[in-house]
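Have the structure open while you read.

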Amino acid sequence: MKSNFMTIHKAKESNAIFIYSAAVFLLWLKMCALYIWTFHINIQSIGQGFVLAATSLGSAAFFLGFGFLFRKSARTKAFFVIDLLLTGILFGNVLYYRFYIDFITVPVLLQFQNVGGLSQSTVELVKYYDIWMFLDLFLLIFFMKKKYSVTINLPLKKNFKKRHFLIITLVPLLFSMMLNSDFWNKSYDKELIVKSLGLYYYHVFDIFQYSKTSVNSVLADESEVGEISHYLKTKHKKTTPSDFHGIAEGKNVIVIFLESTQGFVIDKHVNNQEVTPFLNKLKDESLYFPNFYHQTAQGKTSDAEFIVDNSLYPLAGGSVFVRKPKNDFMATPEILKKYNYYSASFHGNDAQFWNRLTMYDSLGYDRFFSKEDYDVNEDNSINYGLKDIPFFEQSMPYLLSLPQPFYAKFLTLTNHFPFLLEPEDQFISELETEQGVVNRYFTTVRYEDEAIKSFFDQIKETDLYENSIFVLFGDHYGISKSYNDALSEVLGHEITVKDQVELQKVPLFIHIPGIEGEVIDTVGGQIDLRATIFDLLGVKDQHQAFSFGTSLLSKESDRLVVFRDGTFTTDQYIYTEGTCYSKELDKKVKRNKCSPYFTQVQNELNYSDKIIYGDLFRFFKK
């Protein structure tokens, strides 16, 4: 009797070890496949590939190993449940990456209640072939039903098992951390962290970083202000005055955020029709910047708002609007108050979307016109809110009622992923590539263009037009690299790694009635936009020591545009995915061409993070 019991006992343990080993192996294969085909991790050497494979195997073994904490009779079920949860994490990252080209962070999970998560966009992100990610779970179920049929003769000494478990799970991690110690100073580069630690250990690292940054404001003190202030003052000394300084002094400022609008749509024709006929005409009557880049991260439009109003970089994980809405800021509305400007924001969505109601109060806005101020119904709304044409029509009376001078910004909505629009609102027909997102994108951009035309037609009939300047710019990309195959078909060329950075260009128009149009080739980004507006208004930014941007109209020669992941571009070079490219030669060049900028890129991102996480403006204001 005792012998039979021991046989069954060993069979159960042997079967559990088999299920565990199979789950680890299959999960590891799945992770490796995603690194190659979905996340496109840039592996630059065999050593890097080996380290990523080893840390990924170790992390799968480690987390599935928690199943051994359960009693023997429940272990196989525990392994399955853990594997299901780990697969869910992978699938969540896949969906998120398809649109944001980024990995999920703790702040993203915590802010879903404020931003609505992926909501309407999720269906578009799910693909029929995603079922392959769950096939291993069905295989595990098959193995589990074949109870005790598999016997594995493994040493069962506890010390032996513990030693081997630690070797498999932790040694690759420790080796990688020594080999890639640079990621500690580049926590903004999430691909580098994933490449160094594997996806699951990346999430552990992210939790650690989130915990650390959460207490930074408590531990911060005035000593940190001096170092950052010195760096920025030194940077701004290189800036020379522009010929446009004060040309729009005292005028109203109307800023229009062109939702998801990328630079390639300007002057683009599809189906033998212009995608942006009005903006093309406006370009000839405005200061137009063809080398202007968005610099947003996971916060997308809210990041664009934050960058423009504060001349700081967005956070690598989550949105400042959600994570740090109670900070002290030196935002555009607050600075312009010293010049008697009234500030307002217009948006046809819920006031709490991206936590705007709370954040606007911290930024110093006097009035926020949100969904409750508009007549929104099924006929005039789609996707995320009020359609752009009725949005501008209903906003005009509010705009006319504002005290002058004012700073007013409009957030458009219709050209938002997944780019939905009823047939009666389409001014051009959809394309016919294999990707519906790409097909619809040009249709909603065309609608947005018509809405901008409608706005200008209305405001030209008022006294506001001559007494205002108009700043229109794309807030972030619309088509992610997940849709490059279809987009390359439309653009007529294959999209390379270097091209992917150039696709982050968004249009920027600064229209000043009475001033002739001009194309300004300056390389710049959204972080420079506030300084540019202040330059035109003749505003002396008294808080320039904490502004990272410089006027796009100044005669600064060596310009640098920094992206949140550590990618950067100048007028000559692009650095991305560990490789330096020459814009002029259109090819890879030696790394030393880009290396002179590495320290500045790291300083820009790290200092900006210190300001935000440490809430350092409270010390500067003193």
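The points below cover the cores, the disulfide, the aromatic pairs and the charges over rings.

1. Some ground rules. This is a predicted model, where local features need pLDDT of at least 70 and side-chain atom pairs count only at pLDDT 80 or more, while totals for chains, interfaces and linings use all residues. Residues are numbered from 1 along each chain as its sequence is written, and side-chain values use heavy atoms, with hydrogens and water left out.

2. Start with the largest nonpolar core, which has 101 residues. (A core here is a set of buried Ala, Val, Leu, Ile, Met, Phe, Trp, Tyr and Cys residues joined through side-chain atoms within 4.5 Å; buried means under 20% relative accessible area, exposed over 50%, and partly exposed in between, with a 1.4 Å probe and protein chains only.) Phe346, Leu399, Phe410, Phe442, Phe455 and Leu472 touch the most other members. Helix α3 (residues 75–100) gives the largest share, 12 residues; helices are DSSP runs of H or I with at least four residues, strands are E runs of at least two, and both are numbered from the N terminus. A second, separate core holds 72 residues, among them Tyr341 and Phe473.

3. Have a look around Phe410. Setting aside neighbours within four places in sequence, its contacts (heavy atoms within 4.5 Å) include Ile254, Phe257, Phe346, Ser395 and Phe455.

4. How many disulfides does a search of the whole structure find? It finds 1, counting cysteine sulfur atoms within 2.5 Å. Cys580 and Cys594 are the partners, with sulfurs 1.9 Å apart, and the link is right-handed, with 75 degrees about the S-S bond. Cys580 sits in strand β18 (residues 579–582) and Cys594 in the loop between β19 and α24. Cys580 is buried at 2%, and so is Cys594 at 0%.

5. On to the rings: there are 62 aromatic pairs. Rings of Phe, Tyr and Trp (its six-membered ring) pair if their centres lie within 6.5 Å; planes under 30 degrees apart are stacked, over 60 edge-to-face, the rest tilted. Phe205 and Phe208, both in helix α11, are tilted because their planes meet at 45 degrees, with centres 6.4 Å apart. Phe205 is buried at 7%, whereas Phe208 is partly exposed at 42%. Phe369 and Tyr398 are stacked, at 4.6 Å and 25 degrees.

6. Finally, Phe369 comes up again. Arg367 lies over its face, 4.1 Å from the ring centre (the rule wants NZ of Lys or CZ of Arg within 6 Å of the centre and within 35 degrees of the ring normal). Phe369 also belongs to an aromatic cluster that includes Tyr398 and Phe410.
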